[in-house]
Amino acid sequence: MKLPTEIRTYCPYCRSHQAMSLKIEKPGRRAAGGQKLAVRRQIRRRKGTGNKGKYSKKPITQNKMASKTTKKTDVRLKCKKCGKSITKSFPRAKKVEVVTAH
Ligand SMILES: [Zn+2]
């Protein structure tokens, strides 16, 4: 998937459509908070007796985890009017690159 360096989209700070500069977010920033929460939940559920919820199940095999061949890409959009930036995720694609418009 090819993306332009500049797109016009909604800015929640300006509450209107603005020209935004586009950059691909570094991998690893996605789901950082969610993972931490999941780990805490796992520890909590493992305490004491009783059903451990979804952690009672057998762990997913390596094969099942790697079943998807594409990745979702996070894109950082910086508003040219107010200078604030938002993060949006784009649909699954094998390869994403930013192309300068001519
Ligand atoms: Zn803005």
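This is a predicted model: local features need pLDDT of at least 70, side-chain atom pairs count only at pLDDT 80 or more; totals for chains, interfaces and linings use all residues.
I started at threonine 5, which is exposed, with 12 other C-beta atoms within 10 Å. The cut-off for exposed is 12 or fewer, so threonine 5 qualifies. Its place is in the loop between strand S1 (2-4) and S2. I also looked across the chain from here: threonine 5 and leucine 77 are 72 residues apart in sequence, yet their C-alpha atoms are 9.6 Å apart in space.

**Entry: what kind of model this is**

I looked up the confidence next, and the mean pLDDT of the protein chain is 81. Of its residues, 82% reach 70 or more. I found the highest confidence in S2, at 92, and the lowest in helix H2 (residues 62-65), at a mean of 60.

**Entry: the whole chain**

I listed the elements and got two helices and six strands in the protein chain. Read from the N terminus on, they run β-β-β-α-α-β-β-β. I then checked burial: buried residues make up 4% of the 102 residues. For contacts with a separation of 6 or more, I found that 50% are between residues 24 or more positions apart.

**Entry: S2 and S3**

I moved on to the hairpin of S2 and S3, which has four residues between the strands. Strand S2 covers residues 6-11 and strand S3 covers residues 16-24. They run antiparallel and are joined by six bridges. As one example, I traced tyrosine 10 to its bridge partner in S3, histidine 17.

Then I looked at the turn. Which residue there has a positive phi? It is arginine 15, with a value of about 60°. I flagged this one, since most residues other than glycine have a negative phi. Arginine 15 sits in the loop between S2 and S3. Is arginine 15 buried or exposed? I counted 8 C-beta neighbours inside 10 Å, so arginine 15 counts as exposed.

**Entry: S3 and S4**

I followed S3 to its pairing with S4, which is antiparallel over five bridges. Serine 21 has its bridge partner in S4, and that partner is lysine 78.

**Entry: S4 and S5**

Strand S4 (residues 71-79) pairs with strand S5 (residues 85-93) in the antiparallel sense, over seven bridges. I picked out two pairs to look at in the viewer. Threonine 73 stands opposite phenylalanine 90 in S5, and valine 75 has lysine 88 in S5 as its bridge partner. Between the strands of this hairpin there are five residues. Glycine 83 takes a positive phi there, near 80°.

**Entry: putting the sheet together**

I put the pairings side by side. In what order do the four strands of the open sheet stand? The order is S2-S3-S4-S5, with antiparallel pairing. S2 and S5 stand at the edges and have a single partner strand each, so one side of each is left without a neighbour in the sheet. From one strand to the next, I found that the twist averages 45°. As a reminder to myself, strands of a sheet pair through backbone hydrogen bonds.

**Entry: to revisit in the viewer**

One is arginine 15, exposed with its 8 C-beta neighbours inside 10 Å. Another is glycine 83, in the hairpin of S4 and S5.

Conventions: Residues are numbered from 1 along each chain as its sequence is written. Two strands pair if DSSP finds at least two bridges between them. Axes are lines fitted to C-alpha atoms, for helices over the stretch in contact, and angles run from 0 to 180 degrees between N-to-C directions. A residue is buried if 20 or more other C-beta atoms lie within 10 Å of its own, exposed if 12 or fewer, and partly exposed in between; C-beta atoms are placed from the backbone. Two residues are in contact if their C-beta atoms, placed from the backbone, lie within 7 Å. pLDDT is the predictor's confidence in each residue, from 0 to 100.
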